Amino acid sequence: MTVHVAARRPRTGRPPGRAVSALVVGVLLAVLLVFFVLPVVWVLLAPSKTAGQIVHDAPLSFGSFGQIGAAWRHLFSFQDGAMLTWLRNSAIYAGGSLVLTLATSVPAGYALALTRFRGRKTLLMITLVTMIMPSATLVLPVFLELNRFHLIGTVWSVILPFSFYPFGVYLVYIYFATSLPRDLLSAARMDGCNEWQLFSRIALPLAKPVIGLVAFFSFVGNWNNFFLPYLVLPNSDEFPLQVGLNQLLTSTPSFNPVAGAGLDITIPELALAIIVAILPVLVLFLFSQRTLVSGMLAGATKE
């Protein structure tokens, strides 16, 4: 008796569908590299070169550490140290707004999620509508309101509008509505806890991830905000860093031909100012990644 063994066909490689998918992924990554990564690399390398080297040398070449030091001195000597003033102002505005944001958003989200009162659904709907509206649409009414109370040009004209954060209220509401165990609250009530003790001793410790998420988004949004401070702050020594960058831009001859001669602000100094502006947010992100991930997943499951 003879046994016929079927010969195996040699593999010809990946299936056509997988090859096409890999090609599409490669093209998308290349597009992302060109439009997002390369500009960041250029900004990081620009302070190491002079303005002339930026124009004539290779775009992604490195200049010298001595030029970085010169760009640093020129930047922080601009208008007698205006850069340090803008950094301090940004820290005050973003930090003050963050404290008030947490003091208002967390109790508001808790109340919307766990209490029943007349007008609750209407208030929640107003919060959602305000959250999805572009911030530029609210600048004019906010400006008129601040002007009515004579707050234009003061610290409060920036801190107060930043402190009421509808997106933070909604995040806290989603967390408490979906992830806070109701049996735990009922047991605490049976043990004699009042509503304030429920909120401060049970709800707040469990909500640390989502509170960290709200704090991060609030700080980043306030730090990067430009339009409202640009309108309500008339003096340069009151500017936050983002508005100060606009003044640096107008003082750079490459972007503003009518800028006065003899200014030390050129493209390397402007690139260095951008790096300084994003460093606080970058450091905050690097040290809060675990909290951010926990906060994003906090409301993903129901009890």
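The structure is a predicted model, in which local features require a pLDDT of at least 70 and side-chain atom pairs count only at pLDDT 80 or more, whereas totals for chains, interfaces and linings use all residues. Residues are numbered from 1 along each chain as its sequence is written, and side-chain values use heavy atoms, with hydrogens and water left out. The pLDDT, which is the predictor's confidence in each residue on a scale from 0 to 100, averages 82 over the protein chain, and 86% of the residues score at least 70. Among the elements of the chain, the highest mean pLDDT, 91, belongs to helix 4 (residues 82–114), and the lowest, 64, to helix 15 (residues 289–297). Where pLDDT is low, the predicted coordinates should not be read in detail.

The protein chain contains 15 helices and zero strands, where helices (H or I, at least four residues) and strands (E, at least two) are DSSP runs numbered from the N terminus. Of its 303 residues, 34% count as buried; buried means under 20% relative accessible area, exposed means over 50%, and partly exposed lies in between, with a 1.4 Å probe and protein chains only. With contact defined as heavy atoms within 4.5 Å, residues 24 or more positions apart account for 71% of the contacts in the chain that have a separation of 6 or more.

The axes of helix 4 and helix 7 (residues 156–163) come within 8 Å and cross at roughly 35°, and this crossing of helix 4 and helix 7 is right-handed. The contact is made on the helix 4 side by Ile92, Tyr93, Gly96, Ser97, Leu100, Thr101 and Thr104, and on the helix 7 side by Trp156, Val158, Ile159, Leu160, Phe162 and Ser163. By class, the contact of helix 4 with helix 7 comprises eight nonpolar, five polar and no charged residues. In this classification Ala, Val, Leu, Ile, Met, Phe, Trp, Tyr, Cys and Pro count as nonpolar, Asp, Glu, Lys and Arg as charged, and the others, Gly among them, as polar. The axes are lines fitted to C-alpha atoms, for helices over the stretch in contact, with angles from 0 to 180 degrees between N-to-C directions, and a crossing is right-handed if the near helix is turned clockwise from the far one by less than a right angle, and left-handed if anticlockwise.

Helix 11 has 17 residues and reaches 24 Å from its first C-alpha to its last, close to the 24 Å expected at 1.5 Å a residue, the expected span being 1.5 Å times one less than the number of residues. Its buried residues are Val210, Ile211, Leu213, Val214, Ala215, Phe216, Ser218, Phe219, Val220, Asn222 and Trp223. Asn222, found in helix 11 (residues 208–224), counts as buried because its relative accessibility is 11%. When residues up to four places away in sequence are not counted, Asn222 touches Ala94, Ser97, Leu98 and Phe162; of these, Ser97 and Phe162 also take part in the contact between helix 4 and helix 7.

Helix 13 (residues 241–250) is mostly covered, with seven of its ten residues buried, namely Leu241, Gln242, Val243, Gly244, Leu245, Gln247 and Leu248. These buried residues of helix 13 pack against helix 3, helix 4, helix 11, helix 12 (227–232) and helix 14 (267–287). In the loop between helix 13 and helix 14 lies Pro253, which is partly exposed, with a relative accessible area of 38%. The C-alpha atoms of Pro253 and Ile265, twelve residues apart along the chain, are separated by 8.0 Å.

Several exposed positions were also examined. Asp80, in the loop between helix 3 (65–76) and helix 4, has a phi near 55°, a positive value in a residue other than glycine, and is exposed at a relative accessible area of 81%. His150, in the loop between helix 6 and helix 7, likewise has a positive phi, near 60°, and is exposed at 68% relative accessible area. Ser135, in the loop between helix 5 (120–132) and helix 6 (139–148), is exposed at 59%, and its C-alpha atom is separated by 9.2 Å from that of Leu228, 93 residues apart along the chain.
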